[in-house]
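Here is a short briefing on one structure.

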Amino acid sequence: FYDSMCLKLVVWALTWEEAMDRGLRALDDMRLQGVKTTAVLDGDEYVINGSKTFITNGYLAELVIVVAKTDPKAGAKGTSLFLLEADTPGFDKGKRLEKVGMKAQDTSELFFQDVRVPKENLLGQAGMGFAY
């Protein structure tokens with residue numbers, strides 16, 4: 001399964017908007033604590049909900065690495081990473097955002113509404129998203 005994914009454009013779905021939500025703290029703290037997208041375990045699947053803004057190459061992405069909170073009460077330690085294919089039901093790409101520079105690189109919004117991914121799409125262990 002993952003061998004075929006290696007040929008696809010991969011996008012890291014953590015937004016600068018989420019990072020900036022935390023004010024002027026250290027960048028590591030901002031990007032870990034500011035994540036609002038959630039992933040809840042439901043049987044053998046995770047259900048992902050939320051959105052991302054200002055995602056570089058998001059419009060053309062075929063495979064997305066989604067940063068999501070699996071344990072919101074755990075702060076940064078409750079952050080996990082998931083592989084998500086662009087054709088997964090409930091996943092939508094928003095419009096291509098206008099930018100001042102770097103026009104060859106698209107920037108877009110990503111939306112997750114009750115997106116179901118198998119537990120096997122969790123990268124590493126739950127809650128260890130930024131430990132790797």
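**Briefing**

Glu109 is found in strand β7, residues 107–118. Strands are DSSP runs (E, at least two residues) and helices are likewise DSSP runs (H or I, at least four residues), numbered from the N terminus. The model is predicted: local features need pLDDT of at least 70, and side-chain atom pairs count only at pLDDT 80 or more, while totals for chains, interfaces and linings use all residues. Residues are numbered from 1 along each chain as its sequence is written, and side-chain values use heavy atoms, with hydrogens and water left out.

**A buried charge**

- Glu109 is buried yet has no salt bridge.
- Buried means under 20% relative accessible area, exposed means over 50%, and partly exposed lies in between (1.4 Å probe, protein chains only).
- A salt bridge is a side-chain nitrogen of Lys or Arg within 4 Å of a carboxyl oxygen of Asp or Glu.
- For Glu109, the nearest side chain of opposite charge is Lys95, 5.4 Å away.
- Lys and Arg count as positive, Asp and Glu as negative; His and the chain ends are not counted.
- Leaving aside neighbours within four places in sequence, Glu109 is in contact (heavy atoms within 4.5 Å) with Lys52, Thr53, Asp92, Lys93, Gly94, Lys95 and Leu97.

**Nonpolar cores**

- A nonpolar core is a set of buried Ala, Val, Leu, Ile, Met, Phe, Trp, Tyr and Cys residues joined through side-chain atoms within 4.5 Å.
- In soluble globular proteins, nonpolar side chains tend to be buried together.
- The largest nonpolar core holds 16 residues, of which Ile48, Phe82 and Phe112 touch the most other members.
- Strands β3 (45–56), β4 (63–69), β5 (79–85) and β7 each supply at least two residues of this core.
- β7 gives the most to this core: four residues.
- A second, separate core has six residues, among them Leu63, Ile65, Val67 and Leu83.
- Not counting residues up to four places away in sequence, Phe82 touches Ala39, Tyr46, Ile48, Val64, Ile65, Val66, Ala68, Thr70, Val117, Asn121 and Leu122.

**Salt bridges**

- By the salt-bridge rule, the count comes to three.
- Arg116 forms a salt bridge with Asp42, with the closest N and O atoms 2.6 Å apart.
- That pair links distant parts of the chain: Arg116 is in β7 and Asp42 in strand β2 (residues 38–42), 74 residues apart.
- Arg116 is partly exposed at 38% relative accessibility, and Asp42 is partly exposed at 39%.
- Asp44 and Lys119 meet through their side chains in a salt bridge (3.9 Å, N to O).
- This pair also links distant parts of the chain, 75 residues apart: Asp44 is in the loop between β2 and β3, Lys119 in the loop between β7 and β8 (122–123).
- Asp44 is exposed, with a relative accessible area of 57%; Lys119 is partly exposed at 36%.
- Glu45 forms a salt bridge with Arg116, the closest N and O atoms being 3.0 Å apart.
- Glu45 lies in β3 and Arg116 in β7, so this pair ties together parts 71 residues apart in sequence.
- Glu45 counts as partly exposed, at 29% relative accessibility.
- Asp42, Glu45 and Arg116 are linked in a network of salt bridges.

**A loop residue**

- Ala86 lies in the loop between β5 and β6 (91–96).
- Ala86 is partly exposed, with a relative accessible area of 23%.
- Ala86 and Glu62 are 24 residues apart in sequence but 4.9 Å apart in space, C-alpha to C-alpha.
- Ala86 touches Ala61, Glu62, Phe91 and Lys93, not counting residues up to four places away in sequence.
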